[in-house]
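Hi,

Here is the structure I promised to pass on. Have a look first, then read my notes below.

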Amino acid sequence: MDESIIWTEKYRPKTFDDVIGQDHIVQKLKSFVEKKNLPHLLFAGPAGVGKSTLALVIARTLYGDTWKENFLELNASDERGIDVVRIKVKDFARTRAIGTVPFKIIFLDECDALTREAQQALRRTMETTTTTCRFILACNYSSKIIDPIQSRCAVFRFKPFDDAQRQKMLDNIAATEKLTIEPDAKTALVSVSEGDGRRLANLIQTCASVAPTITASNVYDLASTLSPHELQALMQLLVQQKFVDARAKLHELLVLHGLSGTDFIKQFSQEIWKLPISERAKVTLVDKAGDIEFRMVEGSDEFLQLEALLAHAIYVIADQNSSR
Ligand SMILES: Nc1ncnc2c1ncn2[C@@H]1O[C@H](COP(=O)(O)OP(=O)(O)O)[C@@H](O)[C@H]1O
Ligand SMILES: [Mg+2]
């Protein structure tokens with residue numbers, strides 16, 4: 001087994017025919033591509049449902065070997081902000097597309113991270129580059145995108161993959177990697193991954209890396225460890241003093257990903273040491289985390305306790321910022 005390549009990338013469909021599900025979206029996109037006539041697109045939907053994948057499939061199909069020259073991928077939530085996005089877009093839009101397609105594609109991910117002002121700027125950029133570029137915008141919620149942008153785009157709503165579709169992805173990976181997976185482990189993988197194709201591929205890879213035969217208990221054990229990326233996203237929200245968002249993220253991790261409160265605390269405590277805060281603030285937080293863990297073990301409500309921990313973290317971070 002080649003462990004150097006991430007399976008989410010290895011198993012990302014490269015052609016329309018490889019794409020599982022999202023049937024009516026695929027059908028429409030295919031017809032745009034066949035006519036080499038693409039409107040601006042807005043892809044809305046949760047994580048891991050094929051938004052980036054389909055943007056890439058469009059580019060590969062349209063441009064063939066020169067897709068990389070004609071496709072620019074940017075992330076709107078990049079902390080360097082909309083100005084960097086604008087400069088990069090302008091640079092990219094300056095030259096014509098290579099080959100027979102009259103436009104290039106700019107894929108802008110996580111557009112709901114843009115403020116309304118930034119979205120206005122983006123709208124203007126879309127207008128000024130319209131002869132050379134098409135935009136594909138991706139977001140979780142289309143309601144967070146301003147109307148003038150929505151009305152310039154063909155909007156596609158992506159659905160989470162259903163059980164049968166995730167089963168198909170699993171079978172595909174299992175066959176290629178020659179994995180041995182017990183039947184109830186298959187059920188577990190499909191159920192734990194919810195509608196998310198990325199989570200599924202990641203989880204299969206993690207399970208395969210620890211044991212030659214994947215059992216259901218492997219799956220549940222490994223599913224309960226948080227990906228560093230998600231935990232860091234939550235920590236980031238605390239640093240930015242966004243309590244409501246941090247609380248929503250906590251809810252997502254606990255309810256949607258089925259993480260236990262004590263698992264959360266363990267990983268949270270480790271992550272505290274990496275925060276850009278004073279030593280004293282770190283110690284205060286770790287101390288509090290220990291306290292909260294004790295209360296949880298004693299049987300108090302996990303979510304309430306963790307919520308209190310987040311609130312405490314917000315105070316501690318605010319406090320040390322103001323005393324700097
Ligand atoms: N339609 C699909 N068919 C099969 N696998 C898919 C499909 N869409 C996504 N995947 C798997 O899920 C992963 C994440 O998909 P991606 O398109 O990056 O999601 P997002 O909607 O967050 O952009 C891909 O790398 C691939 O492994
Ligand atoms: Mg994506």
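Let's start with the ligand. The shell around ligand 1 is made of 9 nonpolar, 6 polar and 3 charged residues (Ala, Val, Leu, Ile, Met, Phe, Trp, Tyr, Cys and Pro count as nonpolar, Asp, Glu, Lys and Arg as charged, and the others, Gly among them, as polar). Keep in mind that this is a predicted model, where local features need pLDDT of at least 70, side-chain atom pairs count only at pLDDT 80 or more, and totals for chains, interfaces and linings use all residues. Residues are numbered from 1 along each chain as written, chains are lettered from A and ligands numbered from 1 in the order written, and side-chain values use heavy atoms, without hydrogens and water.

Domain 1 (22-157) and domain 2 (163-223) both give residues to that shell, so ligand 1 lies between them; the domain bounds come from an automatic or database domain assignment. Helix H3 (51-63) gives the most, with 3 residues (helices are DSSP runs of H or I, at least four residues, and strands are runs of E, at least two, numbered from the N terminus).

Which atoms come close to an oxygen of ligand 1? A side-chain N or O atom of Thr53 is 2.5 Å from one, and a polar side-chain atom of Lys51 lies 2.8 Å from an oxygen atom of the ligand. The protein covers 96% of the 560 Å² of accessible area that ligand 1 has on its own (Shrake-Rupley method, 1.4 Å probe; for residues, only the protein chains shown count as cover).

Elsewhere, Thr95 sits in the loop between helix H5 (81-94) and strand E3 (104-109).

Cheers

Note on methods. A polar contact is a pair of N or O atoms within 3.5 Å; within protein, one must be able to donate a hydrogen and the other to accept it, and residues adjacent in sequence count only if both atoms are side-chain atoms.
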